[in-house]
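The sequence and the structure are shown first.

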Amino acid sequence: MDDHPGKSPDHLTINVTHRDDPVSEVTEVDAFASVRKYPSIVVRGPLFGLAEQRGGDRPRWRLMGELDTGFPQMARDDLNSHLWFKARDETEDPAVRRSLLAAVAQLETKPVNEVTADGVRYRVVRADEFARIGDDRLEPPRATDPDDDSWDLDAPDASRTEGFVVDHAAAVGLSEGIDRMGLLNLSYTADRFPKDVRADSRRALTTHPGVVLLPATFRVVERKELSWSMVTGQYSTPQGARRALVHHLTRPVPQLPDLPDMPELPEWMKVDEKEAALRERAAKKFTARRRPNELVLRGRRYEVVRVERMMRIGPDGPERPRPSDVDDYGPSQIHPLMDEHGNITHGS
């Protein structure tokens with residue numbers, strides 16, 4: 001029996017369309033070639049961030065920044081600060097400020113994943129980070145991924161995630177539509193995941209059956225014999241990750257003076273003059289190449305890899321954190337008390 005007579009709900013609709021402009025055609029060809037070469041998927045785990053839904057946007061949501069934290073509470077704290085500063089700096093209306101501060105009060109005392117303030121819904125959202133793999137190698141950047149050639153290590157990383165509209169029914173190209181279909185039944189099955197994590201993952205297939213792919217990001221990993229370890233955070237372009245690798249090699253954490261109870265720096269942070277010179281030479285050779293994706297230094301292999309993120313979607317939008325998603329700490333008061341007139345009370 002058809003559970004959805006007529007038009008399917010947005011969270012079950014994958015709208016594939018053909019785009020005949022040259023850029024789209026090249027991107028499609030590149031995507032199909034990459035999936036053939038890197039046919040398997042390695043799931044790293046969840047990432048958390050924030051989304052908002054304003055009046056008239058339903059059922060769409062808009063991401064408020066990067067999804068780059070591994071703990072829901074860190075995203076809740078970001079929302080706490082966002083609303084507190086909004087109350088301080090962006091309104092003179094006592095009613096609006098009361099609404100914003102009421103949401104802050106909730107976030108200070110309870111691990112809530114959604115609040116409404118001044119008519120806007122704010123939600124802590126969850127995505128799974130994964131990479132494609134083939135022939136025991138993680139997928140590198142694609143030729144059609146947005147990129148640049150600057151080696152300015154202080155250049156900002158312009159986000160492609162902030163402002164992204166989460167719209168399951170939005171038109172996508174053929175390759176993305178096929179990718180999303182293939183990810184619909186993806187869940188955590190490996191024994192390295194605890195039982196409650198695997199159970200929540202299976203449950204999400206029913207509660208949030210839709211899938212949206214977020215803009216790809218890029219990281220530097222160190223390839224080891226049987227695994228990879230992350231060297232940098234996520235960047236919006238491959239060149240951003242390359243710059244981060246050069247920064248990692250040439251601007252190490254400075255040595256600190258010995259202080260009581262100061263933990264010893266790990267070995268990789270200890271860089272003498274000889275090691276520093278070796279790293280400088282390796283970085284110079286690396287930056288002399290155009291868009292390199294590998295660097296080998298004293299037997300250590302660094303690779304720039306392409307990382308994807310999938311967000312599960314249900315009838316009411318993006319998935320929130322799951323019961324098995326763990327936090328290292330709970331909610332707390334982050335900012336001073338403020339009244340509806342903007343007066344701030346600092347603690348003694």
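## Backbone features in loops

Asp-118 sits in the loop that runs between E4 and E5. The model is a predicted one. Although Asp-118 is not a glycine, its phi is positive, at about 50 degrees. The residue Asp-118 is partly exposed, and its relative accessible area is 42%. A positive phi, near 50 degrees, also belongs to Arg-298, again a residue other than glycine. Arg-298 is placed in the loop between strand E12 (294–297) and E13. With a relative accessible area of 63%, Arg-298 counts as exposed, because the cut-off for that class is over 50%.

A further backbone feature is the cis peptide bond between Arg-58 and Pro-59, for which omega is about 5 degrees. Pro-59 belongs to the loop between E2 and strand E3 (61–63).

In soluble globular proteins, nonpolar side chains tend to be buried together. The largest nonpolar core of this model has 21 residues, of which Leu-50, Leu-79, Leu-83, Leu-100, Leu-107, Val-115 and Tyr-122 touch the most other members. At least two residues of this core come from each of strand E2 (40–53), helix H2 (72–89), helix H3 (94–109), strand E4 (114–117) and strand E5 (120–134). The greatest contribution to this core is that of H3, with six residues.

Which residues does Leu-50 touch, not counting residues up to four places away in sequence? The contacts of Leu-50 are Arg-62, Leu-63, Met-64, Gly-65, Ala-75, Asp-78, Leu-79, Arg-123, Val-124 and Val-125. Another core lies apart from the largest one and has 14 residues, including Phe-218, Leu-249, Leu-295 and Tyr-302.

## Aromatic pairs

There are three aromatic pairs in the structure. One of them is edge-to-face and is formed by Trp-84 and Phe-85, at 5.1 Å centre to centre and with 90 degrees between the planes. Trp-84 is buried, at a relative accessible area of 5%, whereas Phe-85 is partly exposed, at 31%.

Tyr-188 and Phe-193 also form a pair, with ring centres 4.4 Å apart. The planes of Tyr-188 and Phe-193 are at 20 degrees, so this pair is stacked. Tyr-188 is buried, with a relative accessible area of 5%, and Phe-193 is buried as well, with a value of 10%.

The volume of the largest pocket is about 900 Å³. Its lining consists of 35 residues, and those nearest the centre are Thr-27, Glu-28, Gly-173, Ser-175 and Glu-176. Two or more lining residues come from each of helix H1 (22–37), strand E8 (171–172), helix H4 (174–183), strand E9 (210–213) and strand E13 (300–314). H1 provides the most residues to this lining, namely seven. Sorted by class, the lining of the largest pocket contains 16 nonpolar, seven polar and 12 charged residues.

The second largest pocket has about 320 Å³ of volume. There are 16 residues in its lining, and Gly-45, Pro-46, Gly-70, Asp-325 and Val-326 lie nearest the centre of this pocket. Eight nonpolar, three polar and five charged residues make up the lining of the second largest pocket.

## Enclosed cavity

Rolling a probe the size of a water molecule over the atoms shows where empty space is left. The count of cavities of 30 Å³ or more comes to one. The largest cavity holds about 70 Å³ of space. Its lining is formed by Val-43, Asp-128, Phe-130, Leu-186, Ser-187, Tyr-188, Ser-201, Ala-204, Leu-205, Met-310, Arg-312 and Arg-322.

Which elements each supply at least two residues of the lining of the largest cavity? They are E5, helix H5 (195–207) and E13. H5 gives the most to this lining, with three residues. The classes represented in the lining of the largest cavity are seven nonpolar, two polar and three charged residues.

Notes. Residues are numbered from 1 along each chain as its sequence is written. This is a predicted model: local features need pLDDT of at least 70, side-chain atom pairs count only at pLDDT 80 or more; totals for chains, interfaces and linings use all residues. Side-chain values use heavy atoms; hydrogens and water are left out. A nonpolar core is a set of buried Ala, Val, Leu, Ile, Met, Phe, Trp, Tyr and Cys residues joined through side-chain atoms within 4.5 Å. Buried means under 20% relative accessible area, exposed over 50%, partly exposed in between (1.4 Å probe, protein chains only). Helices (H or I, at least four residues) and strands (E, at least two) are DSSP runs, numbered from the N terminus. Contact means heavy atoms within 4.5 Å. On a 1 Å grid over the protein atoms alone, a cavity is a set of points where a 1.4 Å probe fits but cannot get out, and a pocket is an open set with protein on both sides within 12 Å along at least five of seven lines; lining residues have an atom within 4 Å of a point. Grid points are joined across faces, edges and corners, and a volume is the space filled by probe spheres set on the points. Ala, Val, Leu, Ile, Met, Phe, Trp, Tyr, Cys and Pro count as nonpolar, Asp, Glu, Lys and Arg as charged, and the others, Gly among them, as polar. Rings of Phe, Tyr and Trp (its six-membered ring) pair if their centres lie within 6.5 Å; planes under 30 degrees apart count as stacked, over 60 as edge-to-face and the rest as tilted.
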